[in-house]
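Please keep the structure open while reading.

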Amino acid sequence: MPFFLEEDEDADESGLGWNPRFVQIRDELTGRRVHFAQQGTEIEVIVAVPDDAADAERLLEALRAQPDGTWDPVPLPSESDATAPDPQWRAMQRVHQQPRLAREWSTGWQRGEAVESRRGIAESVVTVLREGLDMDGDRLRFATWSMDAPGTGSYELPADRPSEREAPVVCSDWADFEARLSWALTTLPWDGVINLSTPHPGPDPCFVQFLHGRQLFNEASGWDVAGLGAGEFDRRMRELGWSFAPHSVPGGAALIWEGPLAKAGFNPSLRGAPRRTVATFTEVFTVGHPQDLVFRAFRNGQRRDPELRYLDIELGIPRDVR
């Protein structure tokens with residue numbers, strides 16, 4: 001583990017100017033994960049604190065048992081920090097004084113650091129995953145990507161990338177689609193867009209769309225083709241976690257509902273977006289099968305692979321060719 005983010009890299013042709021690399025290893029059963037980020041000369045390792053209080057305490061005990069200075073709580077900003085001097089210091093001080101407040105912990109090393117040091121950190125990471133988060137080596141799944149493209153290879157761990165885990169060429173059911181979409185959103189390049197919709201001849205389908213900008217933005221529309229009426233459509237969407245977009249007004253091009261702000265790229269957090277997307281198509285738009293969907297995908301600006309052609313294989317549903 002101390003070596004896999006330190007291999008020689010090909011010249012960066014992304015045009016982004018800053019193209020860090022990421023690795024995620026997750027437990028397929030529990031969903032718990034560890035995130036590795038290489039940004040410049042720094043390699044950072046991040047684990048999230050479980051929501052359950054007993055599980056969180058178990059993790060904290062495992063972290064306390066590690067050598068001093070190996071792990072640090074990630075700063076926890078609050079709204080009151082915004083108007084205070086040195087808000088970053090206040091956020092850092094808060095979690096150091098009360099470690100139970102931290103929602104994430106991090107460790108890491110510098111590129112070129114002594115092998116013995118990296119091995120020590122690697123051993124600590126493995127211990128925390130096993131004893132603090134109850135992650136099982138037989139259940140681990142691997143994904144890698146940069147801000148410009150998903151990566152390949154999994155260092156002999158089972159891969160999350162559909163084509164590398166030998167998923168069927170054609171998406172087989174909604175569970176398969178949810179897993180494919182989760183991988184696609186986690187690894188979505190900077191300024192990438194994925195639009196999922198039902199085939200249609202007109203300009204106003206029911207759709208769910210994602211954009212990777214500063215956040216992973218998520219929106220949906222289609223009340224007028226769902227056959228539910230505006231009130232019932234809004235009720236069902238809100239039950240799934242959507243909210244009516246304040247900038248969306250009657251008489252506009254489309255009424256838009258927004259999902260919770262999520263994150264892709266560095267330390268991704270999808271906030272339930274794949275499952276919410278499946279539920280939206282099945283429960284609100286009454287789509288029977290993933291093969292009844294089509295997708296569009298593209299990148300804004302002059303980028304490599306501007307149409308994200310790798311998704312033709314990985315999503316396993318037809319591309320909208322209109």
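In this predicted model, tryptophan 257 has a relative accessible area of 3% and is therefore buried, the cut-off being under 20%. Phenylalanine 233 likewise counts as buried, because its relative accessibility is 0%.

| Pair | Distance between ring centres | Angle between planes | Class |
|---|---|---|---|
| Phenylalanine 22 and tryptophan 145 | 5.8 Å | 40 degrees | tilted |
| Phenylalanine 233 and tryptophan 257 | 4.9 Å | 75 degrees | edge-to-face |

Phenylalanine 22 belongs to strand β1 (residues 21-27) and tryptophan 145 to strand β6 (residues 140-146), so that their pair links distant parts of the chain, 123 residues apart; both phenylalanine 22 and tryptophan 145 are buried. In the other pair, phenylalanine 233 is found in helix α6 and tryptophan 257 in strand β11 (residues 257-258), and the pair therefore ties together parts that are 24 residues apart in sequence. Phe233 and Trp257 also belong to a cluster linked by ring pairs, together with Phe244, Phe281 and Phe285.

How do the helices meet? The axes of helix α6 (residues 230-239) and helix α7 (residues 273-284) come within 10 Å and cross at roughly 150 degrees, which makes α6 roughly antiparallel to α7, since angles over 145 degrees fall in that class. The crossing of α6 and α7 is right-handed.

Terms used:
Residues are numbered from 1 along each chain as its sequence is written. This is a predicted model: local features need pLDDT of at least 70, side-chain atom pairs count only at pLDDT 80 or more; totals for chains, interfaces and linings use all residues. Side-chain values use heavy atoms; hydrogens and water are left out. Axes are lines fitted to C-alpha atoms, for helices over the stretch in contact, and angles run from 0 to 180 degrees between N-to-C directions. Helices (H or I, at least four residues) and strands (E, at least two) are DSSP runs, numbered from the N terminus. Angles under 35 degrees count as roughly parallel, over 145 as roughly antiparallel, 65 to 115 as roughly perpendicular and the rest as oblique. A crossing is left-handed if the near helix is turned anticlockwise from the far one by less than a right angle, and right-handed if clockwise. Rings of Phe, Tyr and Trp (its six-membered ring) pair if their centres lie within 6.5 Å; planes under 30 degrees apart count as stacked, over 60 as edge-to-face and the rest as tilted. Buried means under 20% relative accessible area, exposed over 50%, partly exposed in between (1.4 Å probe, protein chains only).
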